[in-house]
Amino acid sequence: MADKAILIIGDQRIELPVLVGTEGERAVDITTLREQTGLVTYDPSFGNTAACKSDITFIDGEKGILRYRGIPIEQFTEKPNFVEVAWLLIFGRLPKKDELDLFSQRLTENELLHEGLRHQYSHIPVDAPPMAILSATLNNLACFHQQFFKLVDDESFVEVAARLISKVRTIAAFSHRRSNGLPFNYPDPNLRYCANFLHMMFSIPYKQYIITPEIEDALNLIFILHADHEQNCSTSTVRTVGSARANLFASCAAGVSALWGPLHGGANVEVIEMLERIHHGGLAPEDCLRMAKDKSNPFRLFGFGHRVYKNYDPRAKILRESCDRVFATLRRQDPLLDIARKLEELALADSYFVDRKLYPNVDFYSGILLRAMGIPTNVFTVCFAIGRLPGWIAQWKEQHEDPTSRITRPRQVYTGPPQTDYVPMDQR
Ligand code: SDX
């Protein structure tokens, strides 16, 4: 017998259906609430609100579970292949070899930027934030691919998805090269996805950048772990913009803007800056915890806490272990890793964090790994965006194909002044 929710308001009593998800999570379906009662619900940051049904990603925040199309993320760590996971998220199943090869070929064919776009870099300040460039350039990309404003068939969707996933690397690498006064490296069609990005970022004309398999694997893993995460802030933004039938370029550009926030994807930068302050003696780990607990202090222990995970973020666990492997390969240590471990140990022994179930999240260790690859701090959140792009595209596609989807338009509770009259200037 399906569950129902009974709502009694004054002398009105209504029954609302309860939806049950694959893993047994339940939701009160309030789609007829306003029509039946004239009431709306109030949930300002949507912490208690499901904005959609989705088949793409499942998180169990209490148990620290994350699955892409049902597959636990831990199963992608053996031989991490970001392009394969991107295909899985977007198309809903693991690709056959010929399908994956074909998609990889599409990425190779679409890795260049139009030269008109490349020239835009010469008019951007050298200290321009890479996330600003990325968001703007994803929108500019639309100017050169206007045929994808309306997706007329599956083929046009696959092509625009490939163009975005491929070119986002080139955009990111060109920004890095520009801000460092270095010549641009064009993509190398003989390199796989992550190796090509590292080549474009770091090769210099007179010295080939050597990409070790361990580093290439680590970057695949980082992108995989960032690839999707249900209805997080930036994904909800992409869905909201897409719900107005805006094109995929504009929707993903909006996602980049949301991701830039320090409470979201920008946290990986804040973590490294916090660890560096500790390393240079400007701050002690104990100071961080003290400030984080002080409500009068805006400081937060970045890389800790999560709206959904009330347990260790499974991505943080994998990244923490990956740090050891990468540093062993590079035969070096990073003092920031030891500091991060110390900070984690102190926090997880402190009742403030334990009582609030604040654990390390994906951003706590990701920056240390990116730093080990030589990726500069101001490109960290851009790397998060490269990883998240297939997830945004998958979620946008799922909504775009849903015949019941409507434009996102929440209600509000009005608390402003009651009706009043306009006062002419000479009477104010
Ligand atoms: C990402 O949603 C996603 O899925 C996001 C993401 C993804 O893959 O897309 O996982 C990526 O954004 C990870 C989160 C990265 N951000 C940070 O690391 C920034 C630091 N963390 C916090 O700002 C916070 O934990 C959030 C933003 C992540 C979550 O915020 P919530 O759910 O609104 O939690 P909250 O602010 O209501 O916190 C609940 C309590 C509060 O204290 P009390 O009012 O109960 O006394 O916990 C405290 C908060 O002050 N708290 C923290 C804290 N995080 C929460 N206190 C100090 N340091 C922190 N980091």
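**Strands, ligand and pocket**

Reply: In this predicted model, strand β1 (residues 4-9) and strand β2 (residues 12-20) run antiparallel and are joined by six bridges.

Me: Which residue in β2 is the bridge partner of Ala-5?
Reply: β1 and β2 run antiparallel. Within this pairing, Ala-5 has its bridge partner in β2, and that partner is Leu-16.

Me: Which residue in the hairpin of β1 and β2 takes a positive phi?
Reply: This hairpin has two residues between the strands. A positive phi near 60° is found there at Gly-10.

Me: What is the phi of Gly-24, in the turn between β2 and β3?
Reply: Three bridges join β2 to strand β3 (residues 26-28), and the two run antiparallel. Val-18 has Val-28 as its bridge partner in β3. Five residues lie between the strands of this hairpin, and Gly-24 in the turn has a positive phi of about 85°.

Me: Which are the edge strands of the open sheet of three strands?
Reply: The order of this sheet is β4-β5-β6, with antiparallel pairing. Four bridges join β4 to strand β5 (residues 65-68), and Asp-60 stands opposite Ile-65 in β5. The strands that pair on one side only are β4 (57-60) and β6 (71-72).

Me: How much of the accessible area of the ligand does the protein cover?
Reply: The ligand is surrounded by 23 residues, of which the closest are His-229, His-306, Arg-307, Arg-315 and Arg-388. An oxygen atom of the ligand is 2.6 Å from an N or O atom in the side chain of His-306, and a nitrogen atom of the ligand is 2.9 Å from a polar backbone atom of Leu-301. Of the 1,000 Å² of accessible area that the ligand has on its own, the protein covers 77%.

Me: How many residues of the shell around the ligand are charged?
Reply: The shell divides by class into nine nonpolar and seven polar residues, with a further group that is charged. The number of charged residues is seven.

Me: Which helix gives the most to the lining of the second largest pocket?
Reply: This pocket holds about 430 Å³ of space and is lined by 22 residues, with Asn-81, Val-83, Ser-104, Arg-192 and Tyr-193 nearest its centre. At least two lining residues come from each of α2 (82-91), α3 (97-109), α7 (193-202) and α8 (213-225). With six residues, the helix that gives the most is α3.

Definitions and conventions:
Residues are numbered from 1 along each chain as its sequence is written. This is a predicted model: local features need pLDDT of at least 70, side-chain atom pairs count only at pLDDT 80 or more; totals for chains, interfaces and linings use all residues. Side-chain values use heavy atoms; hydrogens and water are left out. Two strands pair if DSSP finds at least two bridges between them. On a 1 Å grid over the protein atoms alone, a cavity is a set of points where a 1.4 Å probe fits but cannot get out, and a pocket is an open set with protein on both sides within 12 Å along at least five of seven lines; lining residues have an atom within 4 Å of a point. Grid points are joined across faces, edges and corners, and a volume is the space filled by probe spheres set on the points. A residue is near a molecule or strand if one of its heavy atoms lies within 4 Å of it. A polar contact is a pair of N or O atoms within 3.5 Å; within protein, one must be able to donate a hydrogen and the other to accept it, and residues adjacent in sequence count only if both atoms are side-chain atoms. Accessible areas come from the Shrake-Rupley method with a 1.4 Å probe; for residues, only the protein chains shown count as cover. Ala, Val, Leu, Ile, Met, Phe, Trp, Tyr, Cys and Pro count as nonpolar, Asp, Glu, Lys and Arg as charged, and the others, Gly among them, as polar.
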